[in-house]
Amino acid sequence: MTATTTAFDSTLKNLGITRTANKTAAKVQTPEEANQLTQKDFLTLLTAQLKNQDPTAPQDPMQQITQLAQFTQVSGIAEMNKTLKTVADRLNGTSSTDAMGYVGRAVLAPGNTASPNTDGTLNGTVELAADAGAVRVAIQAPSGELLKVVDLGAQKKGSVDWKWDGKTAAGDPAPAGPYKIAVTASNNGKSVGTTGLVWAPVESVSLPSGGAPKLNLVGLGQIDPSQVRKAS
């Protein structure tokens, strides 16, 4: 007998999800599942009860119908909860199609190496774990030479954007990148947690078998799509 396909089933199919009730393949039960009473088990017990009941004192049919209705409702809720969890997991994850959409674009992600824009400037972001009285971004040449320190002053907890004009502390054009980025922050003499974010182009996507897709960034290597803060 073919199961009826609903609009809900069609939506799930588009997400690559099949409802539990529509699965026909054999499944190995876990010990916990083996100890659970299914709707089929309930009907078997109910049938056995009817066959073996005392003819002079039959069971109340309304009570049996109520029990069956309650069991069916609980079973349906349990199936829906499983289905909704699968949907939530799928929507919160990143599919291979989503990851491929990043190829050729620039993304803002955690890192300490960045290449300049076409005009020689450089942009980035600092994530602060708490309020800071002093935030600084040190920019180094590939050789390790300190080129410039961008002083962002006092900043509140959260994200702070910064921009470097591409010139050294002496005002001369900086040598070619990529550059090393080091972020520091403090408040009343105590260090404040920071995460440096830089822009990098997505070169390709890796699709490991049985695993989540990974983005391959120029200068940063491989990252998880969940680490992307922005894309342009």
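**Figure 1. Overview of the predicted protein model.** The protein has five helices and twelve strands, where helices (H or I, at least four residues) and strands (E, at least two) are DSSP runs numbered from the N terminus. Of its 232 residues, 24% count as buried, buried meaning under 20% relative accessible area, exposed over 50%, and partly exposed in between (1.4 Å probe, protein chains only). The accessible surface comes to about 15,100 Å², of which 53% belongs to carbon and sulfur atoms; accessible areas come from the Shrake-Rupley method with a 1.4 Å probe, and for residues only the protein chains shown count as cover. Among contacts (heavy atoms within 4.5 Å) between residues at least 6 apart in sequence, 63% join residues at least 24 apart. Residues are numbered from 1 along each chain as its sequence is written, and side-chain values use heavy atoms, with hydrogens and water left out. Because the model is predicted, local features need pLDDT of at least 70 and side-chain atom pairs count only at pLDDT 80 or more, whereas totals for chains, interfaces and linings use all residues.

Figure 2. Leaving aside residues up to four places away in sequence, T113 touches P178, Y179, K180, V198, G219 and L220.

**Figure 3. The salt bridge between R229 and E127.** The structure holds two salt bridges, each defined as a side-chain nitrogen of Lys or Arg within 4 Å of a carboxyl oxygen of Asp or Glu. In the pair formed by R229 and E127, the closest N and O atoms are 2.8 Å apart. R229 lies in the loop between β11 (221-223) and β12 (230-231), and E127 in strand β3 (residues 122-128), so the pair ties together parts that are 102 residues apart in sequence. R229 is partly exposed at 38% relative accessibility, and E127 is partly exposed at 21%.

**Figure 4. The salt bridge between K214 and D224.** Here the closest N and O atoms of K214 and D224 are 3.2 Å apart. Because K214 lies in strand β10 (residues 214-217) and D224 in the loop between β11 and β12, the pair ties together parts that are ten residues apart in sequence. K214 is partly exposed, with a relative accessible area of 26%, and D224 counts as partly exposed at 23%.
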